[in-house]
Amino acid sequence: MVDLIKQAKEVLKIEAESILNLIDRIDAGFSKAVEIIYEAKGTGTPAIFLHPVEGLHGDLGIVTRDDVMLAISNSGETSELNTLILSVKDIGLSLIAFTGNMNSTLARNSDVVIDVSVDREACPFGLAPTSSTTATLAMGDALAVTLVEKMEFTEKDFYKFHPGGHLGQRLMARVKDVMIGGNDIPMVFSGTSALEAIEKLDRENLGLIFITDRESHLLGILTDGDLRRHIRKGTELKGQLVDDLMTEAPKTIAPDTSLARTIEIMQRDEITALAIIDSDEHLEGYVHLHDILGRGGTIKISIP
């Protein structure tokens, strides 16, 4: 009998490998593809989907010589696509190919060729596109995100084109709209014993507690990671104060910061939570990545 769980894990392993194998293929050709799209004077980065068959029956009229076409074919020998490519070349626009066959008709007729080949499909027969579609999608993400950075696309631009989406609305919200504050802030005062602080850290089950003075000025943070590092070093916890264990000057953010910017900071610093302080460094609350992405409920949107 087939071990379903084992088979499913094998599929994910094969597809993950197909993505990892793409890393070493990011070269000058990829950079050239980014530059071609960036410099496009026609449709530019606004994009439309053109089906090869429909393109051959009139829809090719939407294409101009100032556009860029991204053609996708694993084999590079799809007949209707290659027939379309010949007409596209007559128009004179730039052509970028994603293909698994670098010697294919598509590759030979393209200005830039991106190799998205895979060692094997996850399909047990090696026939159905599985790993190849995953690899193509991942390479497309790499191209899109690189363009986002090069074009200095901001969270406001994201909201402009996704105003009705839940994620777009959340990203334009402010930290103060989702922060946890008041009595729900996991915190202890400076001078608290280390054991008492650890007990609160365990009780809160959030992975962190903040340390303030009696006027609520933020002094430090104690995380599960800090505690593990102290234990590995053999730090004697009994008789210590939380001040001896905490990380001073933790990462902070202002309450009016957008959630999109907050995510950028979290990604940059590889953290999942930020303290929120006012201009006088009083601790007003904290925000966790889960609160940004949404645990349910609604938030009030304030767009500057």
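This is a predicted model: local features need pLDDT of at least 70, side-chain atom pairs count only at pLDDT 80 or more; totals for chains, interfaces and linings use all residues.
Guide: Residues are numbered from 1 along each chain as its sequence is written, and side-chain values use heavy atoms, without hydrogens and water.

Visitor: Why is α1 called oblique to α6?

Guide: The axes of α1 (residues 4–20) and α6 (residues 131–150) cross at roughly 40° and come within 9 Å. Angles under 35 degrees count as roughly parallel, over 145 as roughly antiparallel, 65 to 115 as roughly perpendicular and the rest as oblique; therefore α1 is oblique to α6.

Visitor: What makes up the meeting of α1 with α6?

Guide: Ile14, Glu15, Ser18 and Ile19 in α1 meet Ser131, Thr134, Ala135 and Ala138 in α6, where contact means heavy atoms within 4.5 Å. By class, the contact has four nonpolar residues, three polar and one charged. Ala, Val, Leu, Ile, Met, Phe, Trp, Tyr, Cys and Pro count as nonpolar, Asp, Glu, Lys and Arg as charged, and the others, Gly among them, as polar.

Visitor: How much space lies in the second largest pocket, and which residues are closest to its centre?

Guide: The second largest pocket holds about 390 Å³ of space. Among the 19 residues that line the second largest pocket, Ile221, Thr223, Ile271, Thr272 and Ala273 are the closest to its centre.

Visitor: Which element gives the most to the lining of the second largest pocket?

Guide: β10 does, with three residues. The lining of the second largest pocket comprises ten nonpolar, five polar and four charged residues.

Technical notes:
Axes are lines fitted to C-alpha atoms, for helices over the stretch in contact, and angles run from 0 to 180 degrees between N-to-C directions. Helices (H or I, at least four residues) and strands (E, at least two) are DSSP runs, numbered from the N terminus. On a 1 Å grid over the protein atoms alone, a cavity is a set of points where a 1.4 Å probe fits but cannot get out, and a pocket is an open set with protein on both sides within 12 Å along at least five of seven lines; lining residues have an atom within 4 Å of a point. Grid points are joined across faces, edges and corners, and a volume is the space filled by probe spheres set on the points.
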